[in-house]
Amino acid sequence: MSYRAAFYPCDGPKAEGSYIVKLRDDSVKQSFIATCSATHAEQLDITHSFEESDVFNGFVAKCSEEVLDALRNREDIEYITEDAIMRKSDIQRGSTWGLHRISHVGPVERPFEYDYPSSAGEGVNVYVLDTGIFVGHSEFEGRARNGRTFHRSFQDVDGHGTHCAGTIIGKTYGVAKKAEAIAVRVLGDDGSGTVSNVIGGIDWVIGQHRSLGKPSIISMSLGGPVNRAIDDAVNSAADKGIFVVVAAGNEGEDASNSSPARAEKAFTVGAIDQEDKQADFSNFGPLLSIWAPGVDILSAGIRGPKSTDTMSGTSMATPHVAGVFALYISGKGDNIVHAEVQELIKRSTDATGAGLLVAQVPKA
């Protein structure tokens, strides 16, 4: 029986005619691309080849269904998946109680106070894969910068990425007030973007992590339909020592129905409200790693250097956890391991550990 590579269609919005091709681990990507390009000439357009690192042994191509069918006969290919559309995971509603909650056990009570270590995430790079960051906002004190964009500019037109970055590193609204945030713009002006761009962003971050040698976190407040390629990329980044924090999603369903929330090595975050109850929109289920504040979160806005905005969503919960990880790994360099962070989560969720906590398991 002749070989046929697995094909995974997209159950949701997708980039028409764009396919993510995963090669077998022992296949040489550049040789394979050269051979395929010669065979199919102008019928195959390679749009991403992920050259920054080995996060994903594969490429993204635009081609006809006829060429796609031919590619599936190649034994070098492990699988092909349609290029899905990822979207931001916020819900706009319209203070900061979240910082109080992550540093105190029990219900949120005024006055809000935030207790955190003096290291405050210093020396940690947090890569925000989102709509961009308004790096000139006063909240960032020069600790936010542009890194890589997969769109026409770095400008955050939507405000989602800036809000998330404010929760991670902002001087007023942020968890890790000495960490740095790097904008990796994978989502466009409307808050959506392709899986291939997100994988490209992860690929770029891994290259930066290797070259800079600093503790690194990826914060991804985005999601979409189940997609093996993005799950594989997240797992690969985690294997290389990068902590990947992702939003559970806002469909009010089991997080196993969306990617990258379902990725095995992601830290998947659900949202709670001020009463420690699961937010009505939050995804849930056994794949969630932790819960964090995600309702009516105040943070940096894009209307001016001192502007603010209030948003809700698992997107808002995710940067709280990314910030806590920055606090935890600050000064530890590459000595930190995922097992230690898992222990932090274990202590946090059952509220038995002293010090910084990230939300108890929400009440029923």
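The expected span of a helix is 1.5 Å times one less than its number of residues. Helices (H or I, at least four residues) and strands (E, at least two) are DSSP runs, numbered from the N terminus.

This is a predicted model: local features need pLDDT of at least 70, side-chain atom pairs count only at pLDDT 80 or more, and totals for chains, interfaces and linings use all residues. Residues are numbered from 1 along each chain as its sequence is written, and side-chain values use heavy atoms, with hydrogens and water left out.

**Exercise 1. Compare the span of helix α7 with the expected value, then state how covered α7 is.**

Step 1. α7 covers residues 314–329, which is 16 residues.
Step 2. The distance from its first C-alpha to its last is 23 Å, close to the expected 22 Å.
Step 3. Apply the burial cut-offs: buried is under 20% relative accessible area, exposed is over 50%, and partly exposed is in between (1.4 Å probe, protein chains only).
Step 4. By that rule 15 of the 16 residues of α7 are buried. In the chain, 57% of the 364 residues count as buried.

**Exercise 2. Classify the aromatic pairs Tyr-8 with Tyr-79 and Tyr-127 with Trp-204.**

Step 1. Rings of Phe, Tyr and Trp (its six-membered ring) pair if their centres lie within 6.5 Å; planes under 30 degrees apart are stacked, over 60 edge-to-face, and the rest tilted.
Step 2. The whole structure holds eight aromatic pairs.
Step 3. Tyr-8 and Tyr-79 have ring centres 5.5 Å apart and planes at 70 degrees, so this pair is edge-to-face.
Step 4. Tyr-8 is in strand β1 (residues 6–8) and Tyr-79 in strand β5 (residues 77–88), so the pair ties together parts 71 residues apart in sequence.
Step 5. Tyr-8 is partly exposed at 31% relative accessibility, whereas Tyr-79 is buried at 0%.
Step 6. Tyr-127 and Trp-204 are also edge-to-face, at 6.0 Å between centres and 80 degrees between planes.
Step 7. Tyr-127 sits in strand β7 (residues 125–130) and Trp-204 in helix α5 (residues 195–212), so this pair ties together parts 77 residues apart in sequence. Both residues are buried.

**Exercise 3. Describe the backbone at Pro-260, Ala-120 and Asp-296.**

Step 1. Ser-259 and Pro-260 are joined by a cis peptide bond, with omega about 5 degrees. Pro-260 is in the loop between β14 and β15.
Step 2. Ala-120 is not a glycine, yet has a positive phi of about 50 degrees. Ala-120 lies in the loop between α3 and β7 and is buried at 1% relative accessibility.
Step 3. Asp-296 is not a glycine either, and its phi is positive at about 55 degrees. Asp-296 lies in the loop between β16 and β17 (297–300) and is partly exposed at 29%.
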